[in-house]
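My notes follow in the order I took them.

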Amino acid sequence: MSRLVVVSNRVATPTESKGSAGGLAVGVFGALKDAGGVWFGWSGDIVGETGANAVPTLVEDGKVTFATVGLTRKDYDQYYRGFSNATLWPVFHYRNDLAVYDRTDYAGYLRVNRWLAQKLLPLLRPDDVIWVHDYHLIPFGDALRQLGVQNRIGFFLHIPFPSPQIMLNIPPHDELVRALCSYDVVGFQTAVDLRAFADYVERHAHGKVWDNGRIEAYGRVLHGAAYPIGVFPDDIAEQARRHESRQHVLELKQSLEGRKLIMSVDRLDYSKGLVERFRAFEQLLERAPHWRGNVTLVQVAPPTRSDVQSYQEIRQNLEYEAGRINGRFSGLDYTPIRYLNQRYDRWKLMSLFRESQIGLVTPLRDGMNLVAKEYVAAQNPDDPGVLVLSRFAGAALELPGALIINPHDIVGMSEALEHALAMPLLERQERYQTNMQNLRDNDLGVWRDTFIADLRGHARAVPGQH
């Protein structure tokens, strides 16, 4: 079998890839371990020109080679902080009001993608299958094609793909979609995202989209499909069960003094609906006074992109809201919201999920949201908690046992929290079983293996023939 070459913005360390990191790291490492191959991308280090000109750093782990490069400060500012996260991220999450477009940043985005392609080129073999991940690397496949690479190349987008009218807000929208069409297979989290891409191709690229996933545009033929990313639910369940007697869990249970626990875990990002979530919890305490002193919300929100002004403002706003609400409802022995702006080990979080009565996941827009799936998987089957989930997370399509809410409806969210807190055991168990069966049927291995099988099996065709 030919090697698999995975390309992502960041490369997980060998230790992270074996389970302590999130779904992408665990999933792609499993595929690499089976077929053998290379994982290539940015190391996370900022380096000088000399470091940037060096060959990739290679670390071998069994059949897997981790190949990493450093970015210069200029490249980091233009490619990563600039076009990727100041333009693409907000627009793809339907926040045009927060998007900033700068031609210099876009030029840097293209330049770094070409530079990365050149760094990978000497590591490639003629029969390698290349799998590129996420919005940072949309032009990467086209850069490889410009270098003469004829290998099969697939692309998977982990965040939403916006509707055409939203996409048009990015000045070089046509160039980006043209670059996506240089891949053999393009994958999205949901059928909604796939439809948005297909609509753009038909309306603005004068292309054709067929029911079997075949797409013709810009003189290319590719396959487009939805591949919802999953988790390994039974592995999460086992780890959560093994950690439930650890010291951090016992300390939390003792500090709660019998109160109900609502758990939320998100990166500190404006797409996650954190302020709306806090206000919904405030509404619960206001509308249902009997829950004052009897329920606690723990919000874990590790910092992200802390060198970006808009993210600094999010943190300040969230701290203000937590302080304001705690000021209203705290007692000498009760703090309604525990807001933790720090990182926690993944397995520690899974054990905390298991102890909670509600998992609150309310993004304003999300590609999938694996936290929702992890919360369900971590539950105790005999006494499971309830997932309260935004309709705008891709996971809402796969978890029918959740209480689905609109995060813009503050009162509606508070009503869902009250419903979840009072839900009888039998109903909670039925909802849990429904969700767990879906997680098992569409786990991380299914996502990985289906995409790779489609990429390996993609039959290249001539436009106009089908």
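I started with a cut-off: I call a residue buried when its relative accessible area is under 20%, and exposed when that area is over 50%. I also kept in mind that this is a predicted model.

**Entry: helix α11**

I took α11, residues 247-256, and asked which of its residues are buried. I found His248, Val249, Leu252 and Leu256. Why do they lie on the same side of α11? They cover an arc of only 100 degrees around the axis, so they share one side of the helix.

I then checked the face turned away from the buried side of α11. That face carries Gln247 and Gln254, both exposed. Next I looked up what covers the buried residues. The cover includes two helices, α10 (233-243) and α14 (346-355). It also includes the strands β11 (260-265), β12 (295-300) and β13 (337-340).

**Entry: nonpolar cores**

I looked for the largest nonpolar core and got 94 residues. Phe92, Phe140, Phe161 and Phe197 have the most contacts inside it. Helix α4, residues 73-92, gives the most to this core, with eight residues. There is a second, separate core of 60 residues, and I listed Val28, Val231, Trp347 and Ala402 among its members.

I went back to phenylalanine 161. Setting aside residues up to four places away in sequence, it touches Phe92, Tyr94, Met167, Val177, Leu180, Phe188, Asp193, Ala196 and Phe197.

**Entry: α4 against α5**

At what angle do α4 and α5 (residues 103-120) pack? I read about 115 degrees, with the axes 8 Å apart. The crossing is left-handed. On the α4 side, the residues that meet α5 include Tyr79, Phe83 and Leu88. On the α5 side, I noted Tyr109, Val112 and Leu116 among the partners. By class, the contact has seven nonpolar, six polar and five charged residues.

**Entry: aspartate 443**

Where is aspartate 443? I found it in the loop between α17 (425-441) and α18 (444-457). Is it buried or exposed? Aspartate 443 is buried, because its relative accessible area is 18%. Beyond its neighbours within four places in sequence, aspartate 443 is in contact with Gly230, Val231, Phe232 and Pro233. I also took one distance: aspartate 443 and alanine 420 are 23 residues apart in sequence and 26 Å apart in space, C-alpha to C-alpha.

Definitions and conventions
Residues numbered from 1 in each chain as written. Predicted model: local features only at pLDDT ≥ 70, side-chain atom pairs only at ≥ 80, totals over all residues. Heavy atoms only, no water. Buried < 20%, exposed > 50% of the residue type's maximum accessible area, 1.4 Å probe, protein only. Helix = DSSP H or I, 4+ residues; strand = E, 2+ residues; numbered from the N terminus. Arc of directions from axis to C-beta. Contact = heavy atoms within 4.5 Å. Core = buried A, V, L, I, M, F, W, Y, C linked by side-chain atoms within 4.5 Å. Axes fitted to C-alpha atoms, helices over the stretch in contact; angles between N-to-C directions. Left-handed = near helix turned anticlockwise from the far one by under 90°. Nonpolar A, V, L, I, M, F, W, Y, C, P; charged D, E, K, R; others polar.
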